[in-house]
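User: Hey, I've got this one open and want a quick tour. Can you walk me through it?

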Amino acid sequence: MSTVTAQVRTQIAEAARILHGRRIAFLTGAGISTESGIPAYRGEGSTPRRAPMTVQDFLGSDAARRRYWVGGHLGWRSFGSAEPNAGHRAIAALERAGASGGVITQNVDGLHLRAGSSRVVELHGTMRGVVCLRCGQAYDRGAIAEQIDARNPWITVPENIVLRPDGDVAPKSTEGFVLPTCTVCDGTLKPDVVFFGEFVPADRFRAAEALIASCDALVVAGSSLVVNSGIRVIERARRRGLPLVVVNLEPTRADAWADATVAGRTGDVLPALQELLA
Ligand code: NAD
């Protein structure tokens, strides 16, 4: 708590007063993982970059898919070495203590599961999985990473990769890239994540709704809520009259509806809430 200002401490106390005795649903975003070293798109811990690739771009050309897979492959390696932080662990501990009904996350990094949360709805999918768009065969990302390394031995040498200032991979590094393909039907592979321009699968959104229905408060942690699926989750909670607490370093799209906002780091604020509530 040493880095927490008196103002944030007051905000935490108010949030705890609202949440006391309630079963909490969490909705998390990229901000909860910045303290694990994974950059967000916006705000603190973000890297300035071009607009993310849309599903239309990805499906539209081999060149786009090559760029995606080279960047995604490098990103997956760094995701793989990231560890859950105090914020992820506090959410898992609140679930174990019966004070939380689980977490809906917009993140694809798998850190809630690794921190020990058991009821996790991964709204935007997961980097752990890859699917074939033709036959539906599902793969573990590790197996596809091995296929990529075997087909592109040069990619394992960091000097061969040229990054743009915005963090994207320069085309020079992707021209000779051999795409991974389905080992069953040779079809096009796609990571099991919801791209920009894609909808959250209906059954996954229903799982998020069911989680909200089983709880009686919602805490948003580390999300700008710029992406609409997060806002849809909040709408469901508002319809049910759940109190809303927002923990984010910057203002979010949900602040106007919030019963309390806490402008601190999730790695400080969530463990403090856990101490007060569990
Ligand atoms: P976002 O990048 O739009 O917003 C992140 C917010 O978190 C910002 O407002 C920022 O100020 C805040 N923040 C950063 N560090 C924080 C900290 N330590 N404590 C509290 N607040 C902090 O993220 P989003 O709303 O999740 O939307 C981006 C989309 O891209 C989502 O779909 C997201 O899942 C995806 N994405 C995922 C990852 C990941 O899996 N880790 C990383 C980048 C983007």
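**Core, strands and rings**

Analyst: Buried means under 20% relative accessible area, exposed over 50%, and partly exposed in between, with a 1.4 Å probe and protein chains only. This is a predicted model: local features need pLDDT of at least 70, side-chain atom pairs count only at pLDDT 80 or more, and totals for chains, interfaces and linings use all residues. Residues are numbered from 1 along each chain as its sequence is written, and side-chain values use heavy atoms, with hydrogens and water left out.

User: What is the bridge partner of Phe-26 in β2?

Analyst: That's Val-103. β1 and β2 pair in the parallel sense over 5 bridges; two strands pair if DSSP finds at least two bridges between them. β2 also runs parallel to strand β3 (residues 120-122), joined by 3 bridges, and there Val-103 stands opposite Val-120.

User: How many residues of β2 are buried?

Analyst: 6 of the 6 residues of β2 (residues 100-105) are buried, so the strand is largely enclosed by the rest of the structure.

User: Switching topic: how many disulfides does a search of the whole structure find?

Analyst: The search finds 0 disulfides, where a disulfide is a pair of cysteine sulfur atoms within 2.5 Å. Cys-185 is in none, and its nearest cysteine sulfur, that of Cys-132, is 3.6 Å away.

User: OK, how many aromatic pairs?

Analyst: The whole structure has 5. Rings of Phe, Tyr and Trp (its six-membered ring) pair if their centres lie within 6.5 Å; planes under 30 degrees apart count as stacked, over 60 as edge-to-face and the rest as tilted. One of them is Phe-58 with Phe-195, a tilted pair at 5.0 Å centre to centre and 55° between the planes.

User: Where do Phe-58 and Phe-195 sit?

Analyst: Phe-58 is in helix α2 (residues 55-60) and Phe-195 in the loop between β6 (189-193) and α7 (202-213), 137 residues apart. Phe-58 counts as buried because its relative accessibility is 0%, and Phe-195 does too, at 6%. Ring pairs link Phe-58, Tyr-68, Trp-69 and Phe-195 into a cluster.

User: Last one: is Ala-278 buried or exposed?

Analyst: Exposed, because its relative accessibility is 60%. Ala-278 is in the segment after α9. Not counting residues up to four places away in sequence, Ala-278 touches Leu-94 and Ala-97.

How values were computed
Helix = DSSP H or I, 4+ residues; strand = E, 2+ residues; numbered from the N terminus. Contact = heavy atoms within 4.5 Å.
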